[in-house]
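Here is my note on the model you sent over.

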Amino acid sequence: MHVQTYAPMFMLFVAATAIATLFFTLATVLGPSKPSAEKSLPFECGSDSDGAQHVRLSVKFYLTAILFVVFDIESVFVYPWAIQFRSLGWMGLASMMGFLLVILVGLVYAWKKGALEWET
Amino acid sequence: MPNYILYAIPKILIMVGFLFNVGGILTWVDRRQSAMIQDRVGPNRAVIKIGKFELRLWGLLHPAADGVKFFFKEDFMPPKADKLLFSLAPILAMIPVLCLVAVIPFGDTVCPDALIQTVGNVTQLPNIARSGLCTFDPRTGLQPIDLQIVSLDIGLLFVFAMAGQGIVSAAISGWSSDNKFSLMGALRASSQMVSYEVTLGLSVVGALMIYGTLRLGDMVRWQSEHAWGIFVQPVAFFIFFAALVAESKRIPFDLPEAESELVSGYFTEYSGMKFGMFYFAEYMEIVTSSMLVVTVFLGGWGLPFVHRDGITIAFGEGMLAQLPLPHLVVTVFGVLAFFIKTLTLCWIQTFVRWSLPRFRYDQLMGLCWKVLLPVSLANIFVTGVVWLLLDMAPPFVGNMLQLVGDATQGFVAVLVTFLVGSAVFGLFRSRTKDPRIIGASAELVRSAGKSPQSPMQA
Amino acid sequence: MTIGQVYFYLCAAVALFGALAAVCAKSPVRAALGLLMMVLAVAGLYLSLDAQFLAAIQLIVYAGAIVVLFVFVLMLLGHTPLVGVGDGSPAARILGATGFGAVALAAMILSARNAEPTNFPAALPAGFGSVGEIGRLMFTQTLVPFELSSALLMVAVVGAVAVSKGEKPVIVAAASVLAPPGAAPKPGESQ
């Protein structure tokens, strides 16, 4: 454990948390609180809330999240390769392209199946 | 107190202070900029009155007035909201932005021994060698100081890791607000942020392959020795910049908080300083993203032809001019260069906001997954092939590339001189004052030979 | 106690608290936040082991992607109360928790007693835990598993698409057979 390396980083973390908490606490303490029935309604620019309180949301958001997880993991594999790319040479490039190609197949499949279409 | 803690305090103060001040001023710049573009007067009400003397500062007092107002406004929480999550969200929005600056270098490594030396009665500012480490003087016991809060081997990945934490905050603020528009805004925000995070991460890989490091300080060093990242990886630069603007959810990517559709997105139900924290975090995000682009693509603290030993104007082997400068002067130049570049990029981001219309949601997601992502993957492939071919090429190709790299440095120097020159010239140009003409569009009307006294101009 | 030990116990305590919160919280989003807390604390532990890259991955993949995926799904579900959770008598719950805890504790003690004492090198090899070294190892010694992992990721995409979209053409076809022409609902309109 290199205290010397990490101590400044944790000092910044502590400072950031302290600042954010201070802002929050001041906002809670200084501001008045006068709740009323009107205020506690969901804010919709003054017009009355219409329809169901909980809307159903498109399952496409879920697909986006899955695609994100997959590509996030992929990019995590890419970084170490990018750093060592010159010493790994053509073999390294070929293996990385093979890796990317297989995942691209997944992306193309999702594309063809219309998972990337948001028009509907 | 150990030295490393002593050195860290001013560095943290500089970075956090810069974030807060520039973040605050940016709220003003954004409004003032929009006023200028739309021929309005803009914020000018905040005033400090001392007798007859009124201090307005072109509305610069507005950020301070806003801050005070935010603190004293009612702190409202919807009765059906999840109290813990609702309170946690603004805090979680602010912390990662502040932590993100930990790895961003704002200057070259300082050799404290070589800043000011006193030999006998003579105080002098010594020079240091162009490359190599500091000469460590055991008498003073001062170690070289990195002008960044922490130098991590993972560098850029730390930035991505911190940036990723902001998504959770947007999601839980919308979820806990008990408002369907907040929920929709949160869902839009988080799916936009995750999509563009992928592009952000993959676009920069091309640049990483060339720099061969994740340490942001080493990236800047590579750029000052060769050429700025924007010239080496132009495609990566544009994708990276677009993705960063999308990450900070600004126009043209502001769908999560599109006023005409979703009230105000995931922080609709927040009031007072809790809303202020989201708002302020967003402006600080502009600053941090500008810092990131400056470091990775725009040479960081580097200036064209300025090295650790002074100014050396050289194209390849041909030396044109050389001016040795003291270490202190070079360091100050570097720090100033970094912050000025950051401010310029912040201003460009506010400018972009008032120049482009909002995307449609399908365009937004399509742009990310169907255009930017495949292009950044192709960029990785092309960079890989070209770079490996260059490694196999005979030495004269390398010499030529060095020449081209130096030429880009020269290009930047000339361009910056021209832009600064024309800005200064424009500021001091005498203008015909016509009280009726408010701005650019009126001048346009007049140049077309029509009267500027349209009803709009009255 | 040294600073290192204080740091370890702090991270360990936060991780345990987060894990407990993830299990005990009634609200699913709070449970996800507990998981996030646990993930952050474990990343802190990796940092103390000089594994910076692993810590960064922990934050990027687990905190930034997996937890976000959970929260995403919870947002899609809306505020639907959990059904069937927390049912059953308190005695059964206590018995279950105690039994599970005892088994886990026994497994931990047994494996700790039988573990070979590891010979840690006195000094870490140069570049230990650095991104470059991991890249070199990954592309020289573990190339095959690396390539195979891409198939795993692809299958994840295909599976997700199949789960959420796979049946749609069939439904559309059935609807157009049953309904008179022109009245066939477009996919996505059923909401």
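**Notes on the three chains**

1. Let us begin with chain C, where buried residues make up 22% of the 191 residues. Please keep in mind throughout that this is a predicted model. Chain C has seven helices and zero strands, so if you follow the pattern along its sequence you will read α-α-α-α-α-α-α, with helices and strands taken as DSSP runs. There is also something to say about how far along the sequence its contacts reach. Among the contacts in chain C between residues at least 6 apart in sequence, 46% join residues at least 24 apart.

2. Next, have a look at chain A. Its secondary structure comes to two helices and zero strands. Of the 120 residues in chain A, 36% count as buried.

3. Now for the places where chains touch. How many residues of chain B are in contact with chain A? There are 60 of them, and they meet 57 residues of chain A. On the chain B side, the elements that each give two or more residues are helix H1 (3–37), helix H2 (62–72), helix H3 (83–99), helix H5 (180–203), helix H6 (205–211), helix H11 (272–297) and helix H13 (361–392). H13(B) gives the most, with 11 residues. Sorted by class, this side of chain B has 39 nonpolar, 11 polar and 10 charged residues.

4. Chain B also touches chain C. This contact takes 23 residues from chain B and 19 residues from chain C. On the chain C side, helix H2 (28–48) and helix H3 (52–77) each supply at least two residues. Which of the elements of chain C brings the largest share? That is H3(C), with 13 residues. The chain C side divides into 14 nonpolar residues, four polar and one charged.

5. Staying with chain B, we can look at how its helices pack. For H3(B) and H11(B), the angle is about 20 degrees and the axes are 9 Å apart. That makes H3(B) roughly parallel to H11(B), because angles under 35 degrees count as roughly parallel. H3(B) passes H11(B) in a left-handed crossing.

6. By class, the contact of H3(B) with H11(B) holds eight nonpolar residues, one polar and two charged.

7. The axes of helix H4 (residues 156–176) of chain B and H5(B) come within 7 Å and cross at roughly 165 degrees. That makes H4(B) roughly antiparallel to H5(B), since angles over 145 degrees count that way. The crossing of H4(B) and H5(B) is left-handed. Residues in this contact include B:Phe160, B:Gly164 and B:Trp175 of H4(B), along with B:Leu183, B:Met193 and B:Glu197 of H5(B). The contact of H4(B) with H5(B) has 11 nonpolar, seven polar and one charged residues.

8. Chain B has strands to look at as well. In general, strands of a sheet pair through backbone hydrogen bonds, either parallel or antiparallel. Are the strands of the open sheet S5-S6-S7 in chain B paired in the parallel or the antiparallel sense? The pairing of these three strands is antiparallel. The edges are strand S5 (306–307) and strand S7 (318–324) of chain B, each of which pairs on one side only.

9. Finally, here is the sheet pair by pair. S5(B) and strand S6 (residues 310–315) of chain B pair over two bridges, and the bridge partner of B:Val306 is B:Ile311 in S6(B). S6(B) and S7(B) pair over six bridges, and B:Ala314 has B:Met319 in S7(B) as its bridge partner. S6(B) and S7(B) form a hairpin with two residues between them. In the turn, B:Gly316 has a positive phi of about 60 degrees. Is S7(B) well covered or hardly covered? S7(B) is hardly covered, as the count of buried residues among its seven residues is zero.

Key
Residues are numbered from 1 along each chain as its sequence is written. Chains are lettered from A and ligands numbered from 1 in the order in which they are written. This is a predicted model: local features need pLDDT of at least 70, side-chain atom pairs count only at pLDDT 80 or more; totals for chains, interfaces and linings use all residues. Two residues are in contact if their C-beta atoms, placed from the backbone, lie within 7 Å. Helices (H or I, at least four residues) and strands (E, at least two) are DSSP runs, numbered from the N terminus. Ala, Val, Leu, Ile, Met, Phe, Trp, Tyr, Cys and Pro count as nonpolar, Asp, Glu, Lys and Arg as charged, and the others, Gly among them, as polar. Two strands pair if DSSP finds at least two bridges between them. A residue is buried if 20 or more other C-beta atoms lie within 10 Å of its own, exposed if 12 or fewer, and partly exposed in between; C-beta atoms are placed from the backbone. Axes are lines fitted to C-alpha atoms, for helices over the stretch in contact, and angles run from 0 to 180 degrees between N-to-C directions. Angles under 35 degrees count as roughly parallel, over 145 as roughly antiparallel, 65 to 115 as roughly perpendicular and the rest as oblique. A crossing is left-handed if the near helix is turned anticlockwise from the far one by less than a right angle, and right-handed if clockwise.
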